Amino acid sequence: MHVDIGNALSSVASPGVSRDSLERLDEQVATAHERIETGMANADHGYEALNLPERTDPDEIRAAVEPIADAEALLTIGIGGSSLGAATITNALESDTETVFLDNVDPAWVSNHLERLPLAETAINVVSRSGTTAETLANFLVVREAFESAGVDWTERTIVTTGDSGPLRDLVERHGLPSLLVPDGVPGRFSVLSAVGMVAAAVCGHDLEALLAGAAAERETLTGSLFDCPAYAYGATTHALDQRGAGVNAILPYAESLETSAEWFAQLWAESLGKDDLGQTPVRALGVTDQHSQLQLYRAGPRDKLVTFVTTEESADRPIPTTEVEDLAYLGDATLGELLAAEFEATEASLAAAGRPNVRVELERVDEYELGGLLYGMEAACVLAGELYGVNTFEQPAVEWAKKATRGLLGGGDFEEAAAVAEKTELRIER
């Protein structure tokens, strides 16, 4: 992963950060790096996620998925960090195995998937650390019933990734299901490089060693200076820009296969840094699609945004056929890849010309190695940013509040958060 922060400098952009300011900020980065290194060495909660390239055992994962390795389709049941990392990997890489992620409880959407999938050739991947996540357990019960109604033995088609205790662990022991552990000390949104994110990759036949090797290579770049470390350069620059008014971070990958990575990034950034009235708001976009839907705002709207481009140096290509239409003749001398590159360069230059801060994150190509580096690099950037903000990067109390309220509303216990729902102020406008 390479990072270019040139278009975020104050000599180019407003808001922007000067080179002198970055030099001063680098002293804080050095101190933050020491805390991060200590946390990793002590396997402290959260920091342990940055040890996953060395801790994760790909052979263990492949052995666990062996009973379902022949699946034509994989149905992953999880939500948030239990789903988005796996989806990012499998959506980015090609495979003959269809992947479906049940990360919502919309009844029509769930039913449509279950009605169209060949259940006899479909595997089930259930992911929940606690084994009590309401959405995950509800969808699993629905899926299990659908398999039974179709005459398919779900116990022969299911793998579970969960903690060492809880309802899902009990289910594993009762039915002898293949299972893997969610690693201790690793919050869900940082768990992509563990079994949580890599079971789906293994079923799809992806190179787990290359994913971990790319992450490990990024780990080796973590040093005490943002000028020597792409991940820290990104984390420090985003923090500095936020402090100067760029409170929105629009993540804009220029590869269709990386679209889900923007969703994964949005959870990572929002849930980790959004505390104590601090943190950037992540916005998901896709190049070139959103040049025609969001670029107007980014270039001419309020100066409260940073645009993060994610680009690749290499990709498959396809020539554009020639045409007799004179105004379109120039396209016949180009390829779709060249058009995509031109669109990106024009958009980047457009923002720079308007003085709008933007950062370029570059991968050589979309493959397992580069993807592992991107995932690890963004996690390290997030941890560094959390240190600079002075927040607890690894907790999510606001999310837990909503979980308790939901459970209470469904009769799953007596929670004061559920009682607060009745206190909502209403001003209804009806026809």
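A: In this predicted model, F265 and W269 are both buried. Their rings form a stacked aromatic pair, with 4.9 Å from centre to centre and 25° between the planes. An angle under 30 degrees is what makes the pair count as stacked. Both residues belong to helix 11 (residues 259-273), where they are four residues apart and therefore separated by about one helical turn.

The aromatic pairs of the model number nine by the rule applied here. Another of them joins F190 and F394, and this pair is edge-to-face, with 5.4 Å from centre to centre and 65° between the planes. F190 is found in the loop between strand 6 (179-181) and helix 8 (195-203), while F394 is found in the loop between helix 14 (368-389) and helix 15 (397-409), so the pair ties together parts that are 204 residues apart in sequence. F190 has a relative accessible area of 0% and is buried. F394, at 6% relative accessibility, counts as buried because the limit is under 20%. Ring pairs also bring in Y47, which forms a cluster with F190 and F394.

Five strands make up an open sheet with mixed pairing, and their order is 1-10-9-7-8. At its edges are strand 1 (2-4) and strand 8 (281-284), each of which pairs on one side only. On average, neighbouring strands of this sheet are turned by 20° against each other, direction ignored. In general, the strands of a sheet pair through backbone hydrogen bonds, and the pairing may be parallel or antiparallel.

Within this sheet, strand 9 and strand 10 (residues 358-363) run parallel and are joined by six bridges.

The relative accessibility of T308 is 0%, so T308 counts as buried. Which residues surround T308, leaving aside its neighbours within four places in sequence? T308 is in contact with Y234, with N249, A250, I251 and L252, and with V359 and V361. Of these contacts, V359 and V361 fall within the residue range of strand 10, 358-363.

Note on methods:
Residues numbered from 1 in each chain as written. Predicted model: local features only at pLDDT ≥ 70, side-chain atom pairs only at ≥ 80, totals over all residues. Heavy atoms only, no water. Buried < 20%, exposed > 50% of the residue type's maximum accessible area, 1.4 Å probe, protein only. Contact = heavy atoms within 4.5 Å. Pairing = 2+ DSSP bridges. Helix = DSSP H or I, 4+ residues; strand = E, 2+ residues; numbered from the N terminus. Axes fitted to C-alpha atoms, helices over the stretch in contact; angles between N-to-C directions. Phe/Tyr/Trp six-rings, centres within 6.5 Å; stacked < 30°, edge-to-face > 60°.
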